[in-house]
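Hello,

Here is the structure I promised to pass on. Please open it first, then read the notes below.

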Amino acid sequence: MDIIAVAIAIGFVLFLLFLLRDPFSTSSNPNLPPGSFGWPLVGETLQFLALLRANRGQEFYEQRIKLYGGDIFKTHILGSPTAVFYSPQGNRFLFSNENTLVHSTWPSSVINLFRNSLISKVGDEAKDVRKLLLNFLKPEALQTFMGRVDSIISDHVKRFWHGETQIEALSLSKRCLYAVACSLFLTMDEGPQQSDLYGHFIDLLSGMFQIPLDLPGTLYRKSRIGSNHIRGILQTVIEKRREDLESGSASPHQDLLSFLLCNVDGRGNGMSDDEIKDNIMLLLMAGHDTSVTTVTMLLRNLALNRDCYQRVLQEQMEIKREKEASQVGLLQWDDLMKMKYTWRAVQETLRLYPPVGGSWRKAIVDISYDGYTIPKGWKLSWVMRSTHRNAEYFEDPEKFDPSRFDGNGPAPYTFLPFGGGPRMCPGNEFARMVILIFIHNIVKTVEWDLVNVNEKVTINPMPIPVDGLPINLHHHVHTVDN
Ligand code: HEM
């Protein structure tokens, strides 16, 4: 018995030593980029997440870039040895080598939850799925939904903003943009099914970026259960829609679901039900918090920068007057083109507070970059902060100044809120449409100021004001400068 106990103890110690060894030690790989893998198992993840939550994420990168010099360093975060690229040249390198040197990738928790969707695909398979999604997400298709988006948002503003003296911008923006997504993706109106879906959606979001431990009580388990409930609801909606399409009571162009059921890719393949469910869930996830964060931070930035606010107000009121004079009513695609300054204010918000701070690629072969070797299987991450808040590319980088997007705008590979290359965000036009229509409806109805100008912004994982941005509302009493 004693011998067995000793053998177990020795085995345990050997196992610990095995875990504590540095499998990527610089001595066996002299050309690795400079940097440290931190603690065994967790690497530098804890420092990274703590700084991110304190809205000091840049320190993680800047300290290491300063310490090691150059524009690349190695670390070990979120379970993988990772080479962090920190320059426009690095961004260009990653975006230009998709499918030859790298593949897009996400943390394994995210891939597991969306296993049949675009983000779990690479190469030609990913191309085909993107093509199917872009049938719906391209401007020509989105134009046909403008009126619907405008009326949902204008109805929301009338119900929840008009006549109020104080509201919480973050929660109301969430409610509004979720209603837009449910309508455009599923023709699902407000009601018990939409609320039910929302509850499961919140569960899904809660554990998405966690260690994928599927055990009772973990956030990841909560996410997984949420995702299964969502799939169940979507399956019911898909079956009903198939019947309605066959009977002619639904249209092949009425929403994302109809597009996915009725279209095939370049090889003549459509999506299976499992793929449809996971891709719709992906779009709900990828498009929701990103757009909500952007409009919330835009409202904050405009409240803090009254000159910029006046210019947005003037532009939007001009469009409102034109609409009233022409009696066309709802916004059209052309109206978005006239929102030039407003879009610059959105871009400036995306520069300072990008909802997604960067993303990951995976080395599919050993890679040489700038004299260093990045072994096959490593993650490569690019970071928007490296350029978005860098005085080398954006003068006075902390200043909110939409006019920096005048003319040719920023240098290539320095402003990348939607990523780049073949895996760039396919929802960028959708986001632009929804954000501009939202801000048009708010600006033409109310003026606002911040309840607390010192409210902090936290990154968890997206930038949001810690108290949800309470704002005071005032109905228009001013005259607009012409
Ligand atoms: C302000 C809003 C948004 C921002 C800032 C944003 C940003 C991003 C970024 C940075 C990526 C990673 C790109 C890369 O790795 O190069 C991405 C991917 C993605 N986004 Fe967005 N996004 C937004 C809105 C949306 C919307 C509205 C949708 C859909 C309706 C969407 C769908 C997706 C999808 C499906 C991917 C994965 C693409 C792929 O793997 O090929 N996003 N987004």
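Helix 9, residues 169–186, is mostly covered: 15 of its 18 residues are buried. Keep in mind that this is a predicted model. From first C-alpha to last, helix 9 reaches 25 Å, close to the 26 Å expected at 1.5 Å a residue. T187 follows helix 9, and its phi is positive, near 45°.

Next, the cysteines. How many disulfides does the structure hold? It holds zero. C176 is in no disulfide, and the nearest cysteine sulfur, that of C182, is 12 Å away. Is C176 buried or exposed? C176 is buried, because its relative accessible area is 1%, which is under the 20% limit.

C425 is another cysteine to look at. C425 is partly exposed, with a relative accessible area of 30%. You will find C425 in the loop between helix 17 (385–388) and helix 18 (428–445). Its SG is the only protein donor of the iron atom of the ligand, at 2.3 Å.

Now the ligand itself. Which residues come nearest to the ligand? Of the 27 residues around it, these are R130, S359, R361, R423 and C425. For R423 the distance is 2.7 Å. For R361 the distance is 2.9 Å. The backbone takes part too: a polar backbone atom of G420 is 3.3 Å from an oxygen atom of the ligand.

Which elements supply the shell around the ligand? Helix 6 (123–137), helix 13 (273–304), strand 5 (358–363) and helix 18 each supply at least two residues. Helix 13 gives the most, with six residues.

Last, a pair of strands. Strand 9 covers residues 446–450, and four of its five residues are buried, so the rest of the structure largely encloses strand 9. Strand 9 runs antiparallel to strand 12 (residues 470–475), and five bridges join the two. One place to look is W448, whose bridge partner in strand 12 is L473.

Then turn to helix 13, which gives the most residues to the shell around the ligand.

Best wishes

Key: Residues numbered from 1 in each chain as written. Predicted model: local features only at pLDDT ≥ 70, side-chain atom pairs only at ≥ 80, totals over all residues. Heavy atoms only, no water. Disulfide = S-S within 2.5 Å. Buried < 20%, exposed > 50% of the residue type's maximum accessible area, 1.4 Å probe, protein only. Expected span 1.5 Å × (residues − 1). Donors = N, O, S within 2.8 Å, 3.2 Å for Na, K, Ca; no water. Pairing = 2+ DSSP bridges. Near = heavy atom within 4 Å. Polar contact = N/O pair within 3.5 Å; in protein donor to acceptor, adjacent residues only side chain to side chain.
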